[in-house]
Amino acid sequence: MSAPLPDSRERLHLFDTTLRDGAQTTGVDFSLEDKLKIAALLDDLGIDYVEGGYPGANPTDTALFAKRRPLKARFTAFGMTKRAGRSAANDPGVAALLDAEADAICFVAKAWDYHVHVALGCTLDENIEGISDSVQAARARGREVLVDCEHFFDGYKANPDYALACARTAFKSGARWVVLCDTNGGTLPEEIEAIVTAVTAVVPGVNLGIHAHNDTEQAVANTLAAVRAGCRQIQGTLNGLGERCGNANLTSLIPTLLLKQPYAERFAIGVTAEKLRNLTKISRQLDELINRPPNRHAPYVGAAAFATKAGIHASAVLKEPETYEHVPPETVGNRRHVLVSEQAGKSNVLAELERVGLTVAKDDPRIARILDEVKERESLGYAYEGADASFFLLAKRVMGEVPAFFAVERFKVNVERRYNAAGDLVTFSEATVKVKVGDELLISAAEGNGPVNALDAALRKDLGKYQRFIEDLELVDFRVRILNGGTGAVTRVLIESRDRAGETWTTVGVSANIIDASFQALTDSITYKLVKEGAGV
């Protein structure tokens, strides 16, 4: 399946179940098009197996496996072993798997005697028979076979002989991979390592996989423990998607295997150092596709993974990055981020100015003015750690380098709740904005599905001679934080915008009025776009 290694390292095989187990994440619902896009991302990254879903269980997965997909990875169908009381040939679930256009079939089988009795309602021997017959049926059709031994670790602790019998049966019947599943996610790393070691006496490690859930925040640690004990297939999901607390996070495991010892010198995986540099982009593409904000604090790929806030730390990291970085951020496609905050010193400001493309001499007196302005505004509730574009504009304004593109003379927002023509109760929002562009006064009105949406649409509806520069601007995320309690609370709004080229930027607004805070962030977003486009006054 994989080319011989040019060195003596052992091969670890990566199995991604984002499209199947990851689809069980609360709030995540993949369309057929979504699954095809994600599969392509995984394939390009270098994943060995892409599990597409459960053919026959729903229309999307049935359509996904209706024809052959052009992937280098082993495209894998998932489903249950045959039911007790019927043959594999007469089981419709098994038939759907055998008929699927897939390179491999992953059967899920109970390995905990308690589950066999309670969930399946059959005898222990009937469950063993189901594993054997299903594997042999798939092998007879020329498919590579995997068996997910569900609840294996709980089963082993309850009845080790039966759990081992399930694993042994799968292997002896012809399964290429016997996957040990910590389905409840409650097993600890030392337990994983000890149990996997015991299993290697029954099934060779080169045929063992690990499938860990994250219910104790140790799925990555458990996976590495299993690898140390002998497992040579790793199952997980991008960004740790999965039911409950998620699955082992391949976005953390992949760079650890490539960049950390002893794994990097002992094992080889299908992801190259070159492809690893796409990891941050792929992680964020997935979040964008499922319409959720990226986890800023995710290891390796999060926006804060290589962020430095304290002034003394910033000074050190600028002199020698290794002082506060465990790997170079560019190896995973991320970047160093020296934050500008009320704790910042001149080192932070200089680093951030350089990062956002502003070159200022170290002894330029404007640096102190920028730092004072940041601290003053942060005392009012502004935060520039996650609002690069607003910081860029703040610095440019202090330096007198932001043209007066437009001035908003007034705006009005109406929100009305009423019955529509169909008799449904709806909330209706409308905004009007009066803007002065040079000597020209422009008044625009727009409707929206909320007051901020209506205000955004009205503001960007007509900016006169600057309109062509913002035609491709769109708002992609809107976040609100209340900074203190009570009805008069100060509100901070962060708005993320994007243009046709895929560039994104974030701006911030603060006010006791959420509409006013939103408007500040919106106008900053437009102004940033005009500055970056080089729009003339």
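Guide: Start with the sheets: two strands count as paired if DSSP finds at least two bridges between them. Strands (E, at least two residues) and helices (H or I, at least four) are DSSP runs, numbered from the N terminus. The model is predicted, with local features requiring pLDDT of at least 70 and side-chain atom pairs pLDDT 80 or more, while totals for chains, interfaces and linings use all residues. Residues are numbered from 1 along each chain as its sequence is written, and side-chain values use heavy atoms, without hydrogens and water.

Visitor: What order do the strands of the open sheet of three have?
Guide: The order is β16-β17-β18, and the pairing is antiparallel. β16 (474-482) and β18 (504-511) are the edge strands, each pairing on one side only. Ignoring direction, neighbouring strands of this sheet are turned against each other by 20 degrees on average.

Visitor: How many bridges join β16 to β17?
Guide: Eight bridges link β16 to β17 (residues 491-498), and the two run antiparallel.

Visitor: In which sense do β14 and β15 pair?
Guide: β14 and β15 pair in the antiparallel sense, over nine bridges. Lys436 stands opposite Leu441 in β15. Two residues lie between the strands of this hairpin, where Gly438 takes a positive phi near 65 degrees.

Visitor: Which strands pair with β2?
Guide: β9 (residues 233-236) pairs with β2 in the parallel sense over four bridges, and His13 is opposite Gln233 of β9. Two bridges join β2 to β3 (residues 49-53), again parallel; there Phe15 has Tyr49 as its bridge partner.

Visitor: Which way do the residues of β2 point, and are they buried or exposed?
Guide: Buried means under 20% relative accessible area, exposed over 50%, and partly exposed in between, with a 1.4 Å probe and protein chains only. In β2 (residues 13-16), His13 and Phe15 point one way and Leu14 and Asp16 the other, and all are buried.

Visitor: Which residues touch the most other members of the largest nonpolar core?
Guide: A nonpolar core is a set of buried Ala, Val, Leu, Ile, Met, Phe, Trp, Tyr and Cys residues joined through side-chain atoms within 4.5 Å. The largest one here has 89 residues, and Phe152, Ile234 and Ile254 touch the most other members. Helix α7 (residues 160-172) gives the most to this core, with seven residues. A second, separate core has 53 residues, among them Val349, Ala431, Val433 and Ala454.

Visitor: What does Ile234 touch?
Guide: Contact means heavy atoms within 4.5 Å. Leaving out residues up to four places away in sequence, Ile234 touches residues including Leu12, His13, Leu14, Phe15 and Ile210.

Visitor: What do the buried residues of α18 pack against?
Guide: In α18 (residues 451-459), the buried residues are Val452, Ala454, Leu455, Asp456, Ala458 and Leu459. They pack against β13 (407-419), β14 (425-437), β15 (440-448), β16 and α19 (514-533).

Visitor: How are two packed helices described?
Guide: By the angle between their axes and the distance between the axes. Axes are lines fitted to C-alpha atoms, for helices over the stretch in contact, with angles from 0 to 180 degrees between N-to-C directions. Angles under 35 degrees count as roughly parallel, over 145 as roughly antiparallel, 65 to 115 as roughly perpendicular, and the rest as oblique. The axes of α5 (residues 124-140) and α7 come within 9 Å and cross at roughly 20 degrees, so α5 and α7 are roughly parallel. Their contact residues include Ile128 and Ile131 in α5 and Ala165 and Cys166 in α7.

Visitor: At what angle do α9 and α10 cross?
Guide: The axes of α9 (residues 219-229) and α10 (residues 250-259) cross at roughly 40 degrees and come within 10 Å; α9 and α10 are therefore oblique to each other. Val220, Thr223 and Leu224 in α9 meet Ser252, Leu253, Thr256 and Leu257 in α10.

Visitor: At what angle do α1 and α13 cross?
Guide: At roughly 170 degrees, with the axes of α1 (residues 32-45) and α13 (residues 279-289) coming within 11 Å. α1 and α13 are therefore roughly antiparallel. The contact is made by Asp34, Lys37, Ile38, Leu41 and Leu45 of α1 with Leu279, Ile282, Gln285, Leu286 and Leu289 of α13.
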